[in-house]
Amino acid sequence: MSFNRRNFLKGLGLIGLGASTPAYAEKVLINQNEAFSFACPPYLQNLSANSITVCAIFNKPCLAWVEVLDANNNTVKSIYQVEDGMRNANTELFKFKVGIPDGELNYKVVAKEITKFEPYKIEYAGTIQSDPIQIAVPQPKQDSIQCLILNDIHEDKDSYAYLYDKSQLSKKDLVFLNGDSFHYVTNQADLTEKLLKPVGNKFASKTPFVMVRGNHETRGSFARDYKKYFDYPENKYYQAFRMGPIFWVVLDSGEDKPDDHEVYGGTVDYDNYRLEQKDWLIKVLNSKERREAKHTLVVTHIPFHHSDDWHGTKHNFECFHEILNNNKVDAVISGHTHKYSFHPPDNTHNYYVIIGGGPKAGNRTYVDISATGKNLLVSLNLDDGSTINRFSKNG
């Protein structure tokens, strides 16, 4: 099925970043009669060898914590978000770093509503808690892993569950959301209603996900608050880590237009940001952690092959292609174009180039990835469950 990304965005009024986008973040007013509750299910971020981050958002200011449970759901210990001697409180957003020494975790999130927060008096109201959530999380050096990649959902909330269920993986150890989950972001409700509720209801309380920033996540008055709702190593959108036999590289491709384009109003500097990532990329591809992995996959929103000739595409190519070509990566997996395609290595790139489609039904795709030891299988699939193309690596 043919899909024109430009016509899709034009129909939404998003060409030129959307003239109707407010110039300020919309203030979400709390209904004082509304019951204290979770704004979305708890969701998992920033999986490492020894810890995972449990994020929780509420509809009113509160004090919250994670309770680590035993097999009988009895509380073993309570974990707070603490900084500078203060437990995070009187706010709606919490991020708890929880240890996972055995690769397993049984937890629940508990919160007490704060009704008064004065210098010498703090008052609480009702207490709420999530159901116990038991998870087994992948470990960096385990022998096998299965991962799912989705892209360009563009606020079609039902697509998360639909594509997750279409995936033919027997389990999902990790999910990548490879950019453009939104048209733009203007307030917290955009994140909770259009992303965190649908993924939380389906998988995100039990399976960690990596939120890869697309160019549409850079847009809107809330874009500069966006990062705090997720948890990234070193607080950078770009990152690299080993999980299973795969070394993962996540690049932040930035915007698609030149930095001096009028729609940005002098507020961006993506060229220097990509150059910053270029220097970093050389280092991580030569790291011991990467050398110990059997495979290397790169995830980035804007593809720099088989795409367009816009500035962002060309500058991503200039910054990253030669480095990747010289370091024997297996594939670069992207989205952005809204037109799926699959390109084996050729005389322009010695790695696979896989571009997911979306966001309309009939053009949505998902990428299934499974690796066991030296064996790797990467499959690009259409939303009817059929396989568009795949490649395997043995040894």
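How many bridges join β17 to strand β18, and in which sense do the two run? Three bridges join β17 to β18 (residues 352–355), and the two strands run antiparallel. The model is a predicted one, in which local features need pLDDT of at least 70 and side-chain atom pairs count only at pLDDT 80 or more, whereas totals for chains, interfaces and linings use all residues. Residues are numbered from 1 along each chain as its sequence is written, and side-chain values use heavy atoms, with hydrogens and water left out. Helices (H or I, at least four residues) and strands (E, at least two) are DSSP runs, numbered from the N terminus.

**The packing of α4 and α6**

- Two packed helices are described by the angle between their axes and the distance between the axes.
- Helix α4 (residues 270–285) and helix α6 (residues 311–325) pack at an angle of about 15°, and their axes are 9 Å apart.
- That angle makes α4 roughly parallel to α6, since angles under 35 degrees count as roughly parallel, over 145 as roughly antiparallel, 65 to 115 as roughly perpendicular and the rest as oblique.
- The contact (heavy atoms within 4.5 Å) involves residues of α4 including R274, L281 and L285, and residues of α6 including H315, F320 and L324.
- By class, this contact of α4 with α6 has eight nonpolar, five polar and four charged residues, where Ala, Val, Leu, Ile, Met, Phe, Trp, Tyr, Cys and Pro count as nonpolar, Asp, Glu, Lys and Arg as charged, and the others, Gly among them, as polar.

**T313 in helix α6**

- T313 lies in helix α6 and is buried, with a relative accessible area of 3%; buried means under 20% relative accessible area, exposed over 50%, and partly exposed in between (1.4 Å probe, protein chains only).
- Not counting residues up to four places away in sequence, T313 touches I302, P303, F304, S307 and D308.

**The sheet with β11 and β12**

- A second open sheet of six strands, again with mixed pairing, has the order β12-β11-β10-β19-β20-β21.
- β12 (209–212) and β21 (387–394) stand at the edges, each with a single partner strand, so one side of each is left without a neighbour in the sheet.
- Strand β11 (residues 174–178) pairs with β12 in the parallel sense over four bridges, and the bridge partner of F176 in β12 is V210.
- Helix α3 (residues 188–204) lies across β11 and β12, running at about 155° to β12.

**S78 in strand β3**

- S78 has its place in strand β3 (residues 75–79) and counts as partly exposed, at 37% relative accessibility.
- Not counting residues up to four places away in sequence, S78 touches W65, V66 and E67.
- The C-alpha atoms of S78 and V110 are separated by 9.5 Å, while the two residues are 32 residues apart along the chain.

Technical notes:
Axes are lines fitted to C-alpha atoms, for helices over the stretch in contact, and angles run from 0 to 180 degrees between N-to-C directions. Two strands pair if DSSP finds at least two bridges between them.
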